[in-house]
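I opened a new notebook page for this model. I wanted the folds, the pairings and the contact between the chains written down in one place.

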Amino acid sequence: MKQLSARFERIAWPLGFGIAVLILWQVMVRAFNIPPAILPAPTEIGAAIARSTHILWIDWVQTAVKGAITGLIMGAIAGVAAAIAIDRVDFLRRGLLPVANFVAALPIVGVAPIMVMWFGFDWHSKAAVVVIMVFFPMLVNTLAGLAATDRMQRDLMQTYSASHLQTLTKLRLPAAMPFIFNGLKIATTLALIGAIVAEYFGSPTRGMGFRISTEVGRLGIDMVWAEIAVSALTGTALYALVALIERGVTFWHPSQRRRR
Amino acid sequence: MTKKPVISARDLDLTFETNDGPIHALKGVSLDIEKGDFVSFIGPSGCGKTTFLRVIAGLEQATGGDVSVNGMTPEEARKSRAYGYVFQAAGLYPWRTIEGNIRLPLEIMGFARADMPRRIERVLKLVDLEGFGRKYPWQLSGGMQQRASIARALAFDADILLMDEPFGALDEIVRDHLNEQLLALWAKTEKTIGFVTHSIPEAVYLSTKIVVMSPRPGRITDVIESPLPRERPLDIRDTPEFLEVAHRVREGLRAGHAYDD
């Protein structure tokens, strides 16, 4: 009973606060007669969402699912794989790591148009931008995770004459999981931003980034806000999903234990 | 009856090269350990007792001399599963249950799946942890964790058990209890045990042979064959025989330290 009310309180506080902000926003817009082109009222944004669910859905599938999530999955797998390779082969540590560092420093506004030239206007180029953005945080976090075991744990594996692969799968990767999930949380946020911004540099006539840039030009600010709301909800949901999986995988970590 | 030594060291030297010059962790160390012996290594920190144990286990390479385990080099002995090693900390993997932790060496060494539950159950019984197999390590006390780590070292039937201050981090009462249990386990399994400690009562209570070591360079100053019977209740520690052995260990430690002051 007490636990249930604690959970209710955890949800009720941010929810109540959010509703209060929306009400204040509505009252301010009405009271000061702010033109919709500057800041539409929440009710107008709500109306825009209700009016254009079909467009929002198509944009969402194009950008969030095809661009961001595909890119996120590919980039995350590539980052972890590269970390395992770099950890194994010293030549890669000295060669590949600085290059990855360099790629991570490339500005997205420079990379996106090039990816469009390489992979075309459709979602493939957006996923490619996301892969580039996501790769480095995944790589660095996984590398830190693989280094997180202490000497005694590795000695123990040595007393069993464990192979490199056995030590990796039975000790170092499980121990690296909290780090990998940290990287994944950073990556989910980056993925959505990357997929949206990449559409500014060429896209088919759908997608959240495309919609935002064209509706701004047509002063359809309520539609811009509608896309922003969808992207914020998507980002939050994606983050929550990763956190949920994390809780299942790293239940043993001190930061997760108290919830059991 | 003359027994062939299970572990034999001849003139072992081990020098670590550091920025401050070489450190002689071991110098001229010779020792035979026979089957079924319970040998304690005792000495102040830096005397090379842990290093010696690690050389026997092949975790550290000697820079001179010979060491053989079951007539093999330490590496060969390790690959033939000659010994189980217990570290200062339990070092159980928190993402595995107690059962899962004991299963770890079995998985790595390629034991048959069907064979595992029986082995796990047997060693859990040996360390008195029946019914705790499905718990996670962090749900158990420090003493129980260390017992689980002993069970893990016993799971694959090594004849030799190497223990590096396994009870050093535990309080006196828990330690007494675990010492008693360890003796019972030793009597039951007839293993050869190498045990590093810095506690004189612990060394005297447990061992058939006490190796006193001293630092700079790490060397053996005295080897004491214990006159105590193999069966030892805790209150044997108040007998004159016990106190006499303890006194000799203390003298040995003091002699090793004499040039220090």
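What percentages of helix and strand does chain B have over residues 9-236? I find 33% helix and 28% strand there. The end C-alpha atoms of that stretch are 32 Å apart. I take helices (H or I, at least four residues) and strands (E, at least two) as DSSP runs, numbered from the N terminus. UniProt, in an unreviewed entry, gives residues 9-236 of chain B the annotation "domain: ABC transporter". UniProt positions follow the numbering used here, feature names are shortened, and annotations may be inferred rather than shown by experiment.

**Ground rules.** This is a predicted model, in which local features need pLDDT of at least 70 and side-chain atom pairs count only at pLDDT 80 or more, while totals for chains, interfaces and linings use all residues. Residues are numbered from 1 along each chain as its sequence is written, chains are lettered from A and ligands numbered from 1 in the order in which they are written, and side-chain values use heavy atoms, with hydrogens and water left out.

**Chain A.** I count 11 helices and 0 strands in chain A. Its C-alpha trace spans about 75 × 60 × 30 Å along the principal axes. Next I looked up the record. The unreviewed UniProt entry puts "domain: ABC transmembrane type-1" at residues 61-246 of chain A. I get 85% helix and 0% strand over those residues, with the end C-alpha atoms 25 Å apart.

Residues 67-86 are 100% helix and 0% strand, and their end C-alpha atoms lie 27 Å apart. Residues 223-245 are 100% helix and 0% strand, and here the end C-alpha atoms lie 33 Å apart.

A:Leu219 is not a glycine, yet its phi is positive, at about 60 degrees. A:Leu219 sits in the loop between helix H9 (208-217) and helix H10 (221-249) of chain A.

**Three-stranded sheet, chain B.** I traced an open sheet of 3 strands in the order S2-S1-S4, with antiparallel pairing. Strand S2 (21-34) and strand S4 (64-69) are at the edges with a single partner strand each, so one side of each has no neighbour in the sheet. From one strand to the next the twist averages 20 degrees. For angles, axes are lines fitted to C-alpha atoms (for helices over the stretch in contact), and values run from 0 to 180 degrees between N-to-C directions.

Strand S1 (residues 5-18) pairs with S2(B) in the antiparallel sense over 10 bridges. I call two strands paired if DSSP finds at least two bridges between them. B:Glu17 has B:Pro22 in S2(B) as its bridge partner. Helix H1 (residues 49-57) of chain B packs on this sheet and touches S1, S2 and S4 of chain B. Contact means heavy atoms within 4.5 Å. The direction of H1(B) makes about 115 degrees with that of S1(B).

**Six-stranded sheet, chain B.** What is the strand order in the open sheet of 6 strands? I read S5-S6-S7-S3-S8-S9, with mixed pairing. Strand S5 (83-86) and strand S9 (219-225) are the edge strands, each pairing on one side only. Neighbouring strands are turned by 15 degrees against each other on average, direction ignored.

Strand S3 (residues 38-42) and strand S8 (residues 209-214) pair in the parallel sense over 4 bridges. B:Phe41 has B:Val211 in S8(B) as its bridge partner. H1(B) packs on this sheet too, touching strands that include S3, S5 and S8 of chain B. The direction of H1(B) makes about 150 degrees with that of S6(B).

I also noted a cis peptide bond from B:Arg216 to B:Pro217, with omega near -10 degrees. B:Pro217 lies in the loop between S8 and S9 of chain B.

**Helix pair, chain B.** The axes of helix H3 (residues 98-108) and helix H5 (residues 142-154) come within 8 Å and cross at roughly 30 degrees. B:Ile98, B:Asn101, B:Ile102 and B:Pro105 in H3(B) meet B:Ala148, B:Ala151 and B:Arg152 in H5(B).

**Between the chains.** How many residues does each chain bring to the contact? I list 20 from chain A and 25 from chain B. The two chains bury about 2,200 Å² between them, 67% of it on carbon and sulfur atoms. Buried area is the accessible area (1.4 Å probe) that two parts lose on being put together, summed over both. A:Met152, A:Tyr160 and A:Lys170 supply 30% of the area chain A buries against chain B, more than any other three residues.
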